Amino acid sequence: METGIKFVAIRSLSKALRIVGLKQYAWNIEHKSLFWLTNKKSQLMIDIIAEILNGGVVVEFGCGDGTLPLYLPEDGFSKYTGYDISSVAIQMCQKANRNPKVSFDTKGMESWEEHDAEKVDTIICEECLNYLDEPSLNRFLNVCCSNLKPDGQIFAAFHSRTKHARTIEQIRNSMNIVKEINQGQRIYMIVRCKTSAATVDGVDVPS
Ligand SMILES: C[S@@+](CC[C@H](N)C(=O)[O-])C[C@H]1O[C@@H](n2cnc3c(N)ncnc32)[C@H](O)[C@@H]1O
């Protein structure tokens, strides 16, 4: 089958599986097809993340191919944990990883729990919060706020402001916006929990 048609078929199948609740299975099919392997990181996004990192503990959800830490400054974090709902993606990440400060684990945003063990400095979510419905996103953001240090931040990226308007609006309503950067249809949001101080700052950059 031609690559383009194959991807459309896989995307349609996984979308249908997600609708009937078989999320992990759906994502495993997409990752097995290597659909997300060629997904290049935006330089602007990397620059924004590098600027907010403080050398502390980083957690990424929906880490996909697990390449984000390769783009980040070596002293930007003391520890990075990448989580993804797809066990296939996580196995590939674990196999490729050579950095002792970096680890990967299979975990859905829906099953992240509050913990006291090690508080987190930065939580990163690129193009994945949009897969949560309203109550699940609400729960996830609350768990993030419990697990973040008092001055901790969440970085959320969306590749389409139009498509993911509902999710973006929900984040705006429930979090303090530190900064929003628009690049064409993309939006990069740095947010803090309502309990922490924040300044509102909006920036438009050319796409
Ligand atoms: C659109 S891809 C984005 C991958 C990567 N963040 C990027 O931007 O290149 C969405 C990723 O989120 C993961 N994902 C989807 N739903 C998830 C959930 N509920 N919990 C954790 N990861 C999830 C998928 O397996 C996939 O790797």
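Apart from its neighbours within four places in sequence, Thr-167 is in contact with Leu-129, Asn-130 and Leu-137. The model is a predicted one. Thr-167 belongs to helix 7, which covers residues 165-174. Leu-137 is 30 residues away from Thr-167 along the chain, and their C-alpha atoms are 8.2 Å apart.

Glu-127 sits in the loop that links strand 4 (120-126) to helix 6 (134-147). Its phi is positive, about 50 degrees, although Glu-127 is not a glycine. Most residues other than glycine have a negative phi.

Strand 7 (residues 186-192) has five buried residues out of seven, so the rest of the structure largely encloses this strand. Its two pairings are set out below.

| Strand paired with strand 7 | Bridges | Direction | Residues standing opposite |
|---|---|---|---|
| Strand 5 (residues 148-158) | Five bridges | Antiparallel | Ala-157 and Tyr-188 |
| Strand 6 (residues 176-183) | Seven bridges | Antiparallel | Gln-183 and Arg-186 |

Strand 6 and strand 7 form a hairpin with two residues between the strands, and in this hairpin Gly-184 has a positive phi near 60 degrees.

The ligand is surrounded by 17 residues, of which Trp-27, Gly-62, Gly-64, Ile-85 and Cys-128 are the closest. By type, the shell around the ligand holds eight nonpolar, five polar and four charged residues.

How values were computed:
Residues numbered from 1 in each chain as written. Predicted model: local features only at pLDDT ≥ 70, side-chain atom pairs only at ≥ 80, totals over all residues. Near = placed C-beta within 6 Å. Nonpolar A, V, L, I, M, F, W, Y, C, P; charged D, E, K, R; others polar. Helix = DSSP H or I, 4+ residues; strand = E, 2+ residues; numbered from the N terminus. Contact = placed C-beta atoms within 7 Å. Buried ≥ 20, exposed ≤ 12 C-beta atoms within 10 Å, placed from the backbone. Pairing = 2+ DSSP bridges.
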